Each structure stands twice: as structure tokens, then as C-alpha cells.
Amino acid sequence: MAIIFAVARVYGNKPTSLLATTIVGIFRGFPAIVTLFIIFFALPELGIFFSPFWSAVLGFVLVTGAYQSEYIRGAIQSIHLGQSLAAEALGMSKLQEIVHIILPQGIRAALPGISNEIIYLVLYSSLASYIGVEEMFAVARSFNSLQFRPLEIFLTAGLIYAAMATVCFAGFKMLENKYRIPGLEAAR
Amino acid sequence: MADGEVVLKVEDLHKSYAGVKVLNGVSFEIDRGQIKVICGPSGSGKSTLLRCLNLLTNPDKGRVWLEGQEITDQIRDVNKVRQKIGFVFQEFNLFNHLTALRNVSIALEIVKKMKKEDARDLALKELKRVNLEEDAHKYPAELSGGQKQRVAIARALAMNPVIMFYDEPTSALDPHLIGEVLDVMKKLAQEKLTSLVVTHEIGFARSVADEIMFMGDGTILEQGPPNEIIENPKHEMVKQFFKRISELYRRDGQ
């Protein structure tokens, strides 16, 4: 979703890019919890029903997709216009140019931002407990109401989130190294 | 493909940017096997002319024929036209995420729909033609400016163009790297590859060009054999230009 929105904003015609900009603007502007509540509590009024789990999935896809599309858009726009001209001069269509030349470089350049956003997503998942998804934070809260040992319970939950975030962080570091363009950035 | 056949014909080309006339009625022809050099002061419309000729920019007025077919008629498939024209940019414009070999082979695969192995073989052959077969696996950031420009030339050659355009191909290079690029261009000129070259390398123009076209104020002020234009220009602006260039060479101890 992020890629489609980023491409639409950079390469789309006026209406397409305006639509994409508006949608991205909405989901970046709403607090994530508000988006979740709208999907779970407000949409049924319009006759659209999602289970708690799928409401959470949809909400997070929209929120994170909106943010990710900005990282990708920035990365796409930083690619020198000359490469675009070269692709066109070789007879590539706009689509071929985007798929084979622009996006491979844009996504690579956006990886650090994307990894940041994915870690946020892991942490945001705790919000899903508010619309009744039995995720870790919800479990921690119900444990706490039974045993009332907030220090141990919430600290443990926090550490598990931190562990998941660390795994994500390490995974993206590996991706970044794997797809590093030789000579362009120094290996770390 | 007899000699004397017109490959590119340009008639009364006009182009303005934001009300400023950049091209103001340019007309010329190139025969197969001919090398024509365009020079002139910066801002005289040289780059715009090249870009109008392969439709990277649309001319406001005027007509262009490539191998007898009009390409400015709005019906022709632009991507098909561009495949027939090799374009070498001042800033190389290599694809940074691809090796030298892939830079050359990618358009063969996705534009010409060649098989991967065939595209690879042809790309290697073209890299050999510009003396870079040993650097085929390197990425652009690992190459010198001169090597990058030679990869760019190989990338254009691989498409088997009917004509090559060079837009100031050595202007972004360190002086000690210019020679290797000019050597490749000279070799291709000797193979009678039809070319239109925007450059200020007067030595190159003198040794390989069939004709120099001098551009100023959006038109061709003067054209003719290199020695005539360089030694005995008639137009005042052309005189001044070559006088300044020869002074520059003399100061360098020539």
C-alpha cells in the first residue's frame, strides 16, 4: 500500500496524486487509536462489520502505510532525475522505469525509515487491546487485575515488546547490509 | 544502406521555455556514417536541440525525420523512436543499483525482450568494445568518471542505434580522464557510426568530424568542414568563440 501511494503521489496525474495525498493526510493526521475506533465502532453504523482482529489489521495497515509512503516518496524523489532521462532515452516505458530503476533504489534508500515504522507498528499493536483483541497488552492487563502486581507484569510486557523491536531492528539491519549498493555507502 | 542516405533530417525546429526562445528555427541533415559536431556558447540551445530530437522534450514547432519516417507527427510510438537513438549524457546517468553489465543489459531484456543469457552476452561484447570487460561486475560508484561514461556509451551502443547523440560527454570529467572517452568515440567514428556530438573538444572535432555546426541564439550560425569553421569563421560570434579557445590552448603551452 505504501509503495502504491508513494508512486501515485510522485508520478500520478493531478486527480490521482491529490487523492493519494488526501488519504495519506487523513491517516497521518488521525491518532492511531481514533482510526481503530472508527473502524471498529463507527463503521458498523454504516453497515460495515469487521471482527476485532481484522479491524486492528486494517487500521494498522492504513496508519503504517500512510507513514511508510512518505519515507518511500522522499527516497524516490532523491533519485537523480538523470536516471529517469536515461531510462526514457533507452526506450523504457514509465512503468518499466518505475519498476526496474526507481523503486529498487527508492525502497533501498527508505529501509531505515521503514524499519523505524515497523518497530512503531509492533509497539502500536498494544492499542488493539482497546477494541478487544487479545494481544499481549490485553493479557497483561487482565493478569494485573487478578494479581495486582503491576511492576512485574508491565515490566515483563515492556521487555517482551523491546525484545520484538530488537529482533525487527536486527532484521532490517541485515536487509540493509544485504541490499547495500557497493561503493555507494560504506559497509558497517 | 548506401552512403549518402539521410538518417536524420531536421526542419525549422522551435522551442521556448517560459517565453524564452531556446531554439529559433534549426534545420540540418545527417547522412549515414557522418559525424557532425555541434559547438557554441552555453545557453545557445545545444542540449535542448538533442533532447527535442529524441522527444525527451517536445518541440513547439518544426519536423524531424528519422530514416525517412517523421517522428514529430504525434502518432509514432515515442519509446520505439528512442530505441533507435543512442543517447550519451554529460552526467553519465548510470543506474546506480546495477553493475556495469546490468546497466548495459537491462534495456535489452525489458525493452528489446531479449533472453537473459543473450542480453548478457551482448552486453559483455559492448563493454569489450569500450575496453571495460574487466569491470563488468563493478557498480557505478566503484568506477571512475571516464569508466562510467564508457559504460554509458556501451549501454547506448547495445541497443544497436541508427544514430548516436552525445551531449557534452567529456564536460563532467577530470582532464586526465577525457582521453579514454574520446578514444572510444574516435574508434566508433572510424567505424562510421552516424553521430551528432555536442562538444567543445576542438581537437576531436578537427580529427573526426565531417562538419561543425556552430550554434548561437537558438540557430545554426555557421556550418562547414572543421578546418574552415575553426580557422576561417565568417560570423563575428564564431570568430570570438574560437579565438578565445585558441588563446586558452596557447596559454597551456601549445
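Author: Two residues are in contact if their C-beta atoms, placed from the backbone, lie within 7 Å. Phe165(B) touches Leu50(B), Leu53(B), Asn54(B), Ile85(B), Gly86(B), Phe87(B), Val88(B) and Leu196(B), with residues up to four places away in sequence left out. This is a predicted model, where local features need pLDDT of at least 70 and side-chain atom pairs count only at pLDDT 80 or more, while totals for chains, interfaces and linings use all residues. Residues are numbered from 1 along each chain as its sequence is written, and chains are lettered from A and ligands numbered from 1 in the order in which they are written.

Reader: Which residues have the most contacts inside the largest nonpolar core?

Author: A nonpolar core is a set of buried Ala, Val, Leu, Ile, Met, Phe, Trp, Tyr and Cys residues joined through C-beta atoms within 7 Å; buried means that 20 or more other C-beta atoms lie within 10 Å of a residue's own. Here Val88(B), Leu127(B), Ala154(B) and Phe165(B) have the most contacts inside the largest core, which has 104 residues. Apart from it lies another core of 8 residues, including Ala56(A) and Ile131(A).

Reader: What share of the 254 residues in chain B is buried?

Author: Buried residues make up 47% of them. Of the contacts in chain B between residues at least 6 apart in sequence, 64% join residues at least 24 apart.

Reader: How many residues does each chain bring to the contact between A and B?

Author: Chain A gives 20 residues and chain B gives 21.

Terms used. A residue is buried if 20 or more other C-beta atoms lie within 10 Å of its own, exposed if 12 or fewer, and partly exposed in between; C-beta atoms are placed from the backbone.
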